[in-house]
Structure formats: structure tokens, C-alpha cells
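Q: Hey, can you walk me through this protein? I'm new to reading structures.

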Amino acid sequence: QVQLVESGGGLVQAGGSLSLSCAASRGDFTTYAVGWFRLAPGKEREFVAVISWAGFRTSYADSVKGRFTISRDNDKKMVYLQMNSTKPEDTAVYYCAADPRYGSQHEFDYWGQGTQVTVSS
């Protein structure tokens, strides 16, 4: 069983940067792929980015490609999402999720509680 905790959300002006973190409060996700997803009001949950367990593979949604960067430090048991050049449409609750499988098209096994990101125009 893996429990995930996100942090780093907050309010940022459009064009600014924000860094989200995901830690395992219980269990160990260093052998899991970890993804970031987001849920905006009135919209369906959206895939944002995913990183393989060793960090060698990454994938991004077209909407964030070139602006967001996912990374991980398995020694620290942390996964990060660096958000640059933010836009108001990035406003959402951001969730990290872990799964043994790499990819974005399947349901992830473990989810955090989410952290709110608000981008003001």
C-alpha cells in the first residue's frame, strides 16, 4: 500500500512558475511510475505528465509540453512537477498517482489527496 501526499500548490500569476512535490507518506513508490493529473471545475480529470520508475522515460500532455517538467529523486523518494509559463487554464487540483505500469491510458493504483493550483490572469 502506498500513500501519496502532494504539496506546493498555491496562487501564481499567469506566466509565473510553481513547483509541486509528491511524497510517499507510507510505502515506497521508487519502483512505480508516477503521474500527475489535474481536475478543473466542470471538466474531466486530465493527464498532465508521467515518469517511469527510474526516471528515464517521461510523457506529457500536449497542453503542458514545453512548459511543465516532471522529475524524480528516488533517493529522497520524491517526484516533482515544475510548472513554468503558467496559464489561467492550468488552474485545477493537481494529483499525483503511482502505478507499476508506465503510461497515461490506464487507471493508476494509488492517488494523493490533491493540491490546488490557481493561476490568475
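Here is a short chat about the overall build and then one residue.

Q: What should I know before we start?
A: It's a predicted model, where local features need pLDDT of at least 70, side-chain atom pairs count only at pLDDT 80 or more, and totals for chains, interfaces and linings use all residues. Residues are numbered from 1 along each chain as its sequence is written, and side-chain values use heavy atoms, with hydrogens and water left out.

Q: How much of the protein is buried?
A: Of its 121 residues, 44% count as buried, meaning under 20% relative accessible area with a 1.4 Å probe, protein chains only.

Q: New topic: where is Thr115 found?
A: Thr115 sits in strand S11, which covers residues 115-120.

Q: Buried or exposed, that Thr115?
A: Thr115 counts as buried, because its relative accessibility is 11%.

Q: And which residues is Thr115 in contact with?
A: Leaving aside neighbours within four places in sequence, the partners are Glu6, Ser7, Gly8, Gly9, Leu20, Ala92, Val93 and Tyr94. Contact here means heavy atoms within 4.5 Å.

Q: What lies 3.2 Å from a polar atom of the Thr115 side chain?
A: That's the backbone nitrogen of Gly9.

How values were computed
Buried < 20%, exposed > 50% of the residue type's maximum accessible area, 1.4 Å probe, protein only. Helix = DSSP H or I, 4+ residues; strand = E, 2+ residues; numbered from the N terminus. Polar contact = N/O pair within 3.5 Å; in protein donor to acceptor, adjacent residues only side chain to side chain.
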